[in-house]
Each structure stands twice: as C-alpha cells, then as structure tokens.
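This report describes how parts of one protein chain pack together. Please look at the sequence and structure below before reading on.

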Amino acid sequence: DILAHDEQELISYKSLYAKYKSICKQLADFIAQAEKSRQNEDYIRFQLEQLEEARLVEGEQEELEQEAEILSHAEEIKAGLYRVEQVFASDEGGLLSYLKDNLNTLNNLQKVYQPAKELAERMESAYIELKDIAHEISSQGESVEFNPARLEEVNERLNLIYSLQQKHRVQTLDELLALTEEYRVKLSDITSYDERIAEWTARKEEQFKQV
C-alpha cells in the first residue's frame, strides 16, 4: 500500500466500509425491533379498538357522575325546591307577599317620614332579588325529573368507563384518553417498520456498491 501510494484511497475505503457497517447495524436493529413489535401488534390493536369503540370524551365522566347523582335523588330534590318555592311565593303567607305589603307601607310613609325612602329603596332591591331567586327555584324544580330510563343509560356509560379504568389500572378519564393516543402511536410505529426497513435496505445496497 505504501509503495502504491494509495493511502488516501485506503482511508476513503475504510470510511465507506465503516458507514456500510453502521447502516447494516441500523438495519438489523430495525428488523429486530419490528419482530419484537409485531409480537405485541395484535394485543395493542385489540386494546386500541376497545378504547376507540368506547368513544370517550374529555370531561364526560364528571358530567355523567353529576347527572347520575341528580337523577338518583330527583324526587328529593324536586320536593325540596317546591317547599322553598312555597315559602317564597305562596299566595297565602308567602315571603314575597309579605315583602310587597311592607314595601307599599314604606312607600306610603315617605310622604310624612323622609327616612322611609331609603328603607323602601333597600327593601325594593331585596324584593327584586328574592323574586328572581324564587323564579329560578321554580324553573329548576320543573327541570328536575325522575327518569329511570336515563338513569340506567347514564349508569351503563359510567360502568363502561369504570371497567376500562380498572382494566388499564388508571384513575381518570384523561389517563384513558392518553393511553388511547399512546396505543395509536405504537401501532403507527409498528406499521411503519416495513417502510423504514425498505428504506435502510436501499441505503445498504447503495453503500455496498460504493464499497
């Protein structure tokens, strides 16, 4: 080699060969990873399909739990709101009726007693607020209904979420959603191995020609 003065060619060859060996190693690693991943592919695909079929939605667990609580105690809630409404708005002896009468009294006193004006203004403000509260209580009381069919539907949905959390050993719906995305990424990586192996095989062949 020294006599032939081909040191530069030798250096170039060593560099190309080292690159070729590196590509071979990378290709072998990809093939090994692909084999290992394919062993888990069916498991990952099954878990992902089950999670996707559940159509989980962010925040739905908390909303469903609140709805189930209301539906389970619908009669109690409705009766309680009705009692409060009657205290406010009953035609006979209701709080609003008393306040209205007293407000009229204070308004009449303003003619002969100046401090009654400020008291009347304050009482009118309280009357308006309490009347609004009474209206809201009435509306909410009408919106609460005992609906066994809906309660069963909500409980079935919650049971599905709880069973998935137990199966995958997580505590929250957000963790289930994160796990779903993790499985998607893993499956995508597995299906992309063939393309990556083909790409590195082509690199290997090209590098071999140069060597």
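## A pair of helices

The axes of helix H4 (residues 95-109) and helix H5 (residues 115-143) come within 9 Å and cross at roughly 160°. Helices here are DSSP runs of H or I with at least four residues, numbered from the N terminus. Axes are lines fitted to C-alpha atoms, for helices over the stretch in contact, and angles run from 0 to 180 degrees between N-to-C directions. H4 and H5 are therefore roughly antiparallel to each other, a term for angles over 145 degrees.

The model is predicted: local features need pLDDT of at least 70 and side-chain atom pairs count only at pLDDT 80 or more, while totals for chains, interfaces and linings use all residues. Residues are numbered from 1 along each chain as its sequence is written, and side-chain values use heavy atoms, with hydrogens and water left out.

## Where H4 meets H5

Contact means heavy atoms within 4.5 Å. On the H4 side the contact includes Leu95, Leu99, Leu103 and Leu106, and on the H5 side it includes Leu119, Met123, Tyr127 and Leu130. By class, the contact of H4 with H5 has 13 nonpolar, two polar and three charged residues. Ala, Val, Leu, Ile, Met, Phe, Trp, Tyr, Cys and Pro count as nonpolar, Asp, Glu, Lys and Arg as charged, and the others, Gly among them, as polar.

Leu99 lies in helix H4. Leu99 counts as buried, with 14% relative accessibility; the cut-off is under 20% relative accessible area, for a 1.4 Å probe and protein chains only. Leaving aside neighbours within four places in sequence, Leu99 is in contact with Met123, Tyr127 and Leu130. Leu99 and Leu130 are 31 residues apart along the chain, and their C-alpha atoms are separated by 9.6 Å.

## A buried loop residue

His168 sits in the loop between helix H6 (148-167) and helix H7 (173-210). At 13% relative accessibility, His168 also counts as buried. Among its contacts beyond four places in sequence are Gln47, Leu51, Leu176 and Tyr183.

## Nonpolar cores

A nonpolar core is a set of buried Ala, Val, Leu, Ile, Met, Phe, Trp, Tyr and Cys residues joined through side-chain atoms within 4.5 Å. The largest one has 20 residues, of which Leu51, Leu56, Val154, Leu164, Leu176 and Tyr183 touch the most other members. Helix H1 (7-53), helix H2 (60-72), H6 and H7 each give two or more residues to this core. H7 gives the most, with six residues.

Apart from this core lies another, of seven residues, including Leu81, Phe88, Tyr127 and Ala134.

Definitions and conventions:
Parallel < 35°, antiparallel > 145°, perpendicular 65-115°, else oblique. Buried < 20%, exposed > 50% of the residue type's maximum accessible area, 1.4 Å probe, protein only.
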